[in-house]
Amino acid sequence: MARPVLAAWPDGACTAHQLEAQFVDRQGGPAEVLLVLRNLGAQACQMNVLPPLTFYGGDGEQRLVGAQYPDHPSVAWVTLAPGEAVAAPLAWEERDIEHAHNCITPLMAALNLPGGALRLLFGRQMCATGGSLVELTQWPLTSWPAQGVSETP
């Protein structure tokens, strides 16, 4: 499913300077991680429940990655109180399917937010069948345990 198109950022949108981001590996699932975002600011802010990720190689060039959004809501926002965290499960194929050598290993991922991009290390292999675009499946942001980003689930 296609991602809902955002018309504009709402007042009080989370900025790159007030969020901490981290990828947390999930146990028991191949190529599954959580994108965890935490509000480090003194004010509450709003985040789109399906924040678009952009991937970059070590050369700084953007790597094309398709995206699927199962069970996505219409354009929706979640409010993060100061110190609050949310997480979105991400999944993709990490195996070289049919030995097609159609894999990429982006070094960085970025979330474009008001005030600039929030960049974080990625470094995981993503694959697709020969001639196909690598696909990322992303679920909406939901509440994350109160202990913070640095804790494991």
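User: To start, is C45 buried or exposed?
Analyst: C45 has a relative accessible area of 1%, so C45 is buried, where buried means under 20% relative accessible area, exposed over 50% and partly exposed in between, with a 1.4 Å probe and protein chains only. Please keep in mind that this is a predicted model, in which local features need pLDDT of at least 70, side-chain atom pairs count only at pLDDT 80 or more, and totals for chains, interfaces and linings use all residues. Residues are numbered from 1 along each chain as its sequence is written, and side-chain values use heavy atoms, with hydrogens and water left out.

User: Which residue does a disulfide join to C45?
Analyst: C14 is joined to C45, S to S 2.0 Å, a disulfide being a pair of cysteine sulfur atoms within 2.5 Å. The pair links distant parts of the chain, 31 residues apart, with C14 in the segment before β1 (19–25) and C45 in strand β3 (residues 45–48); strands (E, at least two residues) are DSSP runs numbered from the N terminus.

User: And how many disulfides does a search of the whole structure find?
Analyst: The search finds 2 disulfides, and C103 is joined to C127 by a disulfide as well. C103 counts as partly exposed at 27% relative accessibility, whereas C127 counts as buried at 3%.

User: Switching topic, which strands pair with β10?
Analyst: Strand β4 (residues 53–56) pairs with β10 in the antiparallel sense over 4 bridges, and 6 bridges join β10 to strand β11 (residues 116–121), also antiparallel; pairing requires at least two DSSP bridges between two strands.
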